[in-house]
Amino acid sequence: MTHAFHDLTLNDVARHLGIDFEGNADQPIKGLATLKDATSDHVAFLANRAYLKDLATTKAAAVLLHPEHAKHCPVARLEMNNPYLGYAKLSQLFDPLPARDIPGIHPSAVVADSAILGEGISVQAHAVIEAGVVLGKHVVVGAGSVIGADSVIGDDTRLHANVTVCHGVVVGKRAILHSGCVIGGDGFGFAHDGAGWHKIAQLGGVVLGDDVEVGSCSSIDRGALGDTVIGNDVKIDSQVQIAHNVTIGDHSALAGCVGIAGSTKVGKHCMLGGGVGLSGHLTICDGVQVTGMSLVTNSIHEPGVYSSGTGAMNNTQWRKNAVRFKQLDEIAKRLSRLEKSQRSESL
């Protein structure tokens, strides 16, 4: 898929990346595209060796790639040691979304008189901003979004359509909240009296740091006592559940369908793969990577890569292994008895 924007030149692109290149500096560049789909006014990129086969036949004006692949490139080269990072930076040049932001408040929006609104904000159709809300400069509140009472939204933050920020939530600068996410809903807290459940009022809030991104339909629950805290530059994918009083350290990333139970602390620079589950009241140290679909039931105190579960196999083999798994404890006891017997015989 390509993305068109205003015309730039190849020289503009190289300058944005801070790199030198060989080629026609005045070559118009209208967008980004894959190696396979690019035409003569696109920049393509090669960040995965699996697509090296497409490099020799690309029709792009230029290709962003690692120097080791430069000799295989038939067009102008933009060489970087981390071409995927270069692609990320270039994508910002061609993103049409900011150009559509029109400062001002749509007539259908509902804004409390006590709300404090920064300069250059955009409040779109049918948005609701409740009493005591503070919006920083250049905040975008998408259509149908709701910001609850006494919440604070930092400069340059964007709420896409139909985002819910509940009362007493703090969101840092340059955050991006995607459609359908809920920040500050009640945590899951109930006490049982033997016959039924009694709700525990959730008295804390949620604090999101700067440069946080939260994917669509993800939920970050408010704290029961104290706040749920998401650090700076944390990236959260879609359909993620973060329970009350969880803490996530700076620069960590959570892929889709991660679930984190209450009061667990995740360190800095951690990565949780898709479908990972963390039990409650755990501590995960800095620099931990948990691979997809793993279940973590104990704290992790050493950095590294952790996994659980088994890979897919045909059902017949899985059934056999499931039976054997139930027998592991008895097998281990028998093995222990056998080893003790052998040691006794050798004495």
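Is N245 buried or exposed? N245 is buried, because its relative accessible area is 14% (buried means under 20%, exposed over 50% and partly exposed in between, with a 1.4 Å probe and protein chains only). The model is predicted, so local features need pLDDT of at least 70 and side-chain atom pairs count only at pLDDT 80 or more, while totals for chains, interfaces and linings use all residues. Residues are numbered from 1 along each chain as its sequence is written, and side-chain values use heavy atoms, with hydrogens and water left out.

**Surroundings of N245**

- N245 lies in the loop between β27 (241-242) and β28 (247-248); strands (E, at least two residues) and helices (H or I, at least four) are DSSP runs, numbered from the N terminus.
- The N245 side chain reaches the backbone nitrogen of A224 at 2.9 Å.
- Leaving aside residues up to four places away in sequence, N245 touches G223, A224, L225, G226, D227, T228, S263 and T264 (contact means heavy atoms within 4.5 Å).

**Helices α1 and α2**

- Two packed helices are described by the angle between their axes and the distance between the axes.
- Helix α1 (residues 10-17) packs with helix α2 (residues 83-93) at an angle of about 125°, and their axes are 10 Å apart (axes are lines fitted to C-alpha atoms, for helices over the stretch in contact, and angles run from 0 to 180 degrees between N-to-C directions).
- α1 and α2 are therefore oblique to each other (under 35 degrees counts as roughly parallel, over 145 as roughly antiparallel, 65 to 115 as roughly perpendicular and the rest as oblique).
- On the α1 side V13, H16 and L17 take part, and they meet G86, K89, L90 and L93 in α2.
- The residues of this contact of α1 with α2 divide into 4 nonpolar, 2 polar and 1 charged (Ala, Val, Leu, Ile, Met, Phe, Trp, Tyr, Cys and Pro count as nonpolar, Asp, Glu, Lys and Arg as charged, and the others, Gly among them, as polar).
- S91 also has its place in helix α2, and S91 counts as partly exposed at 24% relative accessibility.
- S91 and L32 are 59 residues apart in sequence, yet 7.4 Å apart in space, C-alpha to C-alpha.

- Most residues other than glycine have a negative phi.
- H251, which is not a glycine, has a positive phi near 70°.
- H251 sits in the loop between β28 and β29 (253-254) and is partly exposed, at 38% relative accessibility.
- H281 is not a glycine either, and its phi is positive at about 60°.
- H281 is found in the loop between β33 (277-278) and β34 (283-284), and H281 is exposed, with a relative accessible area of 65%.

Methods
A polar contact is a pair of N or O atoms within 3.5 Å; within protein, one must be able to donate a hydrogen and the other to accept it, and residues adjacent in sequence count only if both atoms are side-chain atoms.
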